[in-house]
Amino acid sequence: MARVVFLLVPQLHLLDLAGPAQVFSTAADNGYDYRLHYVAERDTVPTVQGVPLGATTGWPELDVDDLVVVPGWRPRAHGPAGPVGRDDLRRLADHHARGGTVASVCAGAFALGRAGLLDGRRCTTHHEVQDDLARIFPAARVVRDVLYVVDDRVVTSAGIASGIDVALHLLATRHGPAAAARIARTLVVYARRNGHEQQASAMMRYRSHLSDAAHRVQDLIDSRFSEPLPLADLAAAGGVAERTLARLFRQATGLTPLGYQQLLRVERAEHLIGHGATVESAARAVGFTDGRMLRRLRARAHSPTASRAEGVGVR
């Protein structure tokens with residue numbers, strides 16, 4: 001079981017809290033073992049939208065698999081730095097120091113800054129208070145015009161609806177992008193990202209369509225992308241003929257089924273390489289016979305024409 005602890009402050013924004021809470025509660029409904037906790041300095045917390053929230057004043061015991069989330073508040077209610085007390089700031093810092101993950105939505109980033117967690121790290125917040133974040137925490141590396149940033153188990157997001165995006169990202173990190181895609185579909189949301197680096201999994205970027213056949217095929221590829229998947233098997237999963245699948249899939253995603261599968265392999269390989277794997281071992285782990293194809297696809301992904309290549313797919 002993993003705990004998701006939301007630190008609530010007066011005048012928080014409901015969607016900053018409700019978005020990620022809905023993601024993790026839906027994940028729990030779908031068999032992922034999460035338990036949600038809501039903590040605050042008082043047992044009743046007023047919100048910007050006028051709905052009072054109940055909370056407990058005691059924190060649960062945390063371990064490294066637990067996640068702490070700080071939803072944002074209305075900056076002019078407390079000033080950008082916010083009303084988080086010293087004890088709660090210490091808990092944030094201690095949880096991260098022990099190997100846990102901390103996340104913020106919108107102005108919640110200021111709490112992470114006051115806890116010393118933004119120094120030397122990339123971070124973001126709502127565009128209206130980015131200048132304040134950079135001014136108050138000059139050692140932080142504020143990234144503008146992105147939905148969220150992840151840096152060494154410190155996760156910051158732009159705010160409001162982006163809390164859903166970052167929660168889906170955290171699910172994908174823990175359970176794989178296929179799990180996050182399933183939860184996103186249950187919530188009927190399109191997971192989107194922007195910024196200099198693409199921070200959304202291909203499993204999320206190519207789900208913004210309404211083709212049931214393509215979704216069924218993507219579900220199969222998502223769960224078995226490291227295996228050989230003949231077009232006939234994919235067509236059977238989609239309930240259509242092979243030629244029809246090729247046409248529908250490209251209309252829905254802009255990719256061939258093989259191109260989509262290759263993207264998933266490359267993204268997983270990049271994750272493994274980022275955690276110390278060699279190119280050769282990462283290539284074999286995601287289904288390539290050796291590193292040659294992986295090197296070729298990685299070079300293509302980082303080329304100036306990567307976006308066009310991605311749209312064409314791999315034949």
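To begin, what is the relative accessible area of Arg153? After that, please look closely at helix α9: which residues of α9 make the contact with α10?

Reply: This is a predicted model, in which local features need pLDDT of at least 70 and side-chain atom pairs count only at pLDDT 80 or more, while totals for chains, interfaces and linings use all residues. Residues are numbered from 1 along each chain as its sequence is written, and side-chain values use heavy atoms, leaving out hydrogens and water.

Arg153 has a relative accessible area of 29%, so Arg153 is partly exposed (buried means under 20%, exposed over 50%, and partly exposed in between, with a 1.4 Å probe and protein chains only). Arg153 sits in the loop between β9 (148-151) and β10 (154-157), and its phi is positive, about 65°, although Arg153 is not a glycine. Most residues other than glycine have a negative phi. Gln11, in the loop between β1 (2-7) and α1 (14-29), also has a positive phi, near 65°, and its relative accessible area of 24% makes Gln11 partly exposed.

The chain as a whole has 15 helices and ten strands (DSSP runs numbered from the N terminus: H or I of at least four residues for helices, E of at least two for strands), and 50% of its 315 residues count as buried.

Now to helix α9. The axes of α9 (residues 212-224) and α10 (residues 231-238) come within 8 Å and cross at roughly 130° (axes are lines fitted to C-alpha atoms, for helices over the stretch in contact, with angles from 0 to 180 degrees between N-to-C directions). That angle makes α9 oblique to α10 (under 35 degrees is roughly parallel, over 145 roughly antiparallel, 65 to 115 roughly perpendicular, and the rest oblique). On the α9 side, the contact is made by Ala213, Arg216, Val217, Leu220 and Ile221, and on the α10 side by Asp233, Leu234, Ala237 and Gly238 (contact means heavy atoms within 4.5 Å). By class, the contact of α9 with α10 has six nonpolar, one polar and two charged residues (Ala, Val, Leu, Ile, Met, Phe, Trp, Tyr, Cys and Pro are nonpolar, Asp, Glu, Lys and Arg charged, and the others, Gly among them, polar).

Helix α9 also packs with α11, at an angle of about 90° and with their axes 9 Å apart, and these two helices are therefore roughly perpendicular. Here α9 contributes Ala213, Ala214, Val217, Gln218 and Ile221, while α11 contributes Leu245, Leu248, Phe249, Ala252 and Thr253. These residues divide into eight nonpolar, two polar and no charged.

From Phe249 the view widens to an aromatic pair with Tyr260, which is edge-to-face, at 5.8 Å centre to centre and 65° between the planes (rings of Phe, Tyr and Trp, the last by its six-membered ring, pair if their centres lie within 6.5 Å; planes under 30 degrees apart are stacked, over 60 edge-to-face, the rest tilted). Phe249 lies in α11 (residues 242-253) and Tyr260 in α12 (residues 257-274), so the pair ties together parts eleven residues apart in sequence. Both Phe249 and Tyr260 are buried, and ring pairs link Tyr206, Phe249 and Tyr260 into a cluster.

Finally, the loop between α9 and α10 holds Glu227, which is partly exposed with a relative accessible area of 32%. Leaving aside neighbours within four places in sequence, Glu227 is in contact with Gln261 and Arg265, and the C-alpha atoms of Glu227 and Val286, 59 residues apart along the chain, are separated by 8.1 Å.
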